[in-house]
Amino acid sequence: DGILNDPVWEEAQPSGGFIQSKPDMGEPMNQQTVIRILYDGENIYLGIQCYDSEPEKVIGTEMRRDHEGVWQVNDYVRFVLDTHHDLRSAYYFGTNPLGAQVDARITENGNFHMNWDAVWDCAATRHSQGWSAEFSIPFRQLRYPDKEKHVWGFNCARSIQRSDEWGCWSSIEMKRVTAISSAGELMGLENIPRSRGLEIRP
């Protein structure tokens with residue numbers, strides 16, 4: 001439902017410290033953002049809490065999937081998963097306060113391919129502290145090496161429309177979350193199911 005009140009989220013280590021890429025590059029974001037990540041035998045889950053001191057001013061108007069309005073005129077969060085940790089390619093997922101879905105593949109450290117669509121779930125909601133979102137990404141939608149322990153490249157970003165403020169969790173060297181070479185690392189994934197390349201859709 002987009003509300004991070006399920007007890008299981010307390011088991012996830014919170015991470016924040018988002019740094020502005022604009023307008024004041026290198027300064028902490030003016031609103032706090034906290035990420036939590038969990039996984040089980042089928043999915044990886046992300047919970048993102050976007051605190052806002054003026055929650056009534058949070059903007060969410062667009063519900064169409066992969067529509068540019070989701071990130072151009074709405075408050076917006078997105079993250080990348082570099083599952084091969086090659087610092088060049090990744091999967092991209094994003095949403096706004098209404099839970100609109102955006103996904104893409106990134107290649108060559110920044111080339112954006114919006115024609116890639118995966119089967120995944122997310123929900124978001126506005127509340128008295130700002131807004132929050134939950135993502136559920138099936139492992140079967142991702143490709144990664146077949147090994148026991150994984151280290152994936154990871155980065156997350158947030159946009160606040162009313163102040164035209166953008167910020168990232170990891171490096172802001174290239175000012176955008178799609179610069180995979182500037183991503184941080186997601187560690188602790190162990191014994192996740194082997195990636196398969198088969199899918200049937202009605």
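Predicted model: local features only at pLDDT ≥ 70, side-chain atom pairs only at ≥ 80, totals over all residues.
Mentor: Residues are numbered from 1 along each chain as its sequence is written, and side-chain values use heavy atoms, with hydrogens and water left out.

Trainee: Why is Asn-43 called buried?

Mentor: Buried means under 20% relative accessible area, with exposed over 50% and partly exposed in between, for a 1.4 Å probe and protein chains only. Asn-43 has a relative accessible area of 11%, so Asn-43 is buried.

Trainee: What does Asn-43 touch, not counting residues up to four places away in sequence?

Mentor: With contact meaning heavy atoms within 4.5 Å, Asn-43 touches Leu-38, Ser-136, Ile-137, Pro-138 and Phe-139.

Trainee: What joins the side chains of Asn-43 and Tyr-45?

Mentor: A polar contact of 3.0 Å joins them; the term requires a pair of N or O atoms within 3.5 Å, where within protein one must be able to donate a hydrogen and the other to accept it, and residues adjacent in sequence count only if both atoms are side-chain atoms.

Trainee: Why is strand β4 described as mostly covered?

Mentor: Seven of the seven residues of β4 (residues 76–82) are buried. Tyr-76, Arg-78, Val-80 and Asp-82 point one way and Val-77, Phe-79 and Leu-81 the other way. A strand here is a DSSP run of E with at least two residues, numbered from the N terminus.

Trainee: Which strands does β4 pair with?

Mentor: Two strands pair if DSSP finds at least two bridges between them. Seven bridges join β4 to β10 (residues 149–160), running antiparallel, and five join β4 to β5 (residues 90–95), also antiparallel. In β10 the bridge partner of Arg-78 is Ala-157, whereas in β5 that of Leu-81 is Tyr-91.

Trainee: What makes up the lining of the largest pocket?

Mentor: The lining divides into 11 nonpolar, three polar and one charged, where Ala, Val, Leu, Ile, Met, Phe, Trp, Tyr, Cys and Pro count as nonpolar, Asp, Glu, Lys and Arg as charged, and the others, Gly among them, as polar. β12 (184–190) and β2 (33–39) each supply at least two lining residues, and β12 gives the most, with five.

Trainee: How is the lining of the second largest pocket divided?

Mentor: The lining of the second largest pocket has six nonpolar, one polar and three charged residues.

How values were computed:
Helix = DSSP H or I, 4+ residues; strand = E, 2+ residues; numbered from the N terminus.
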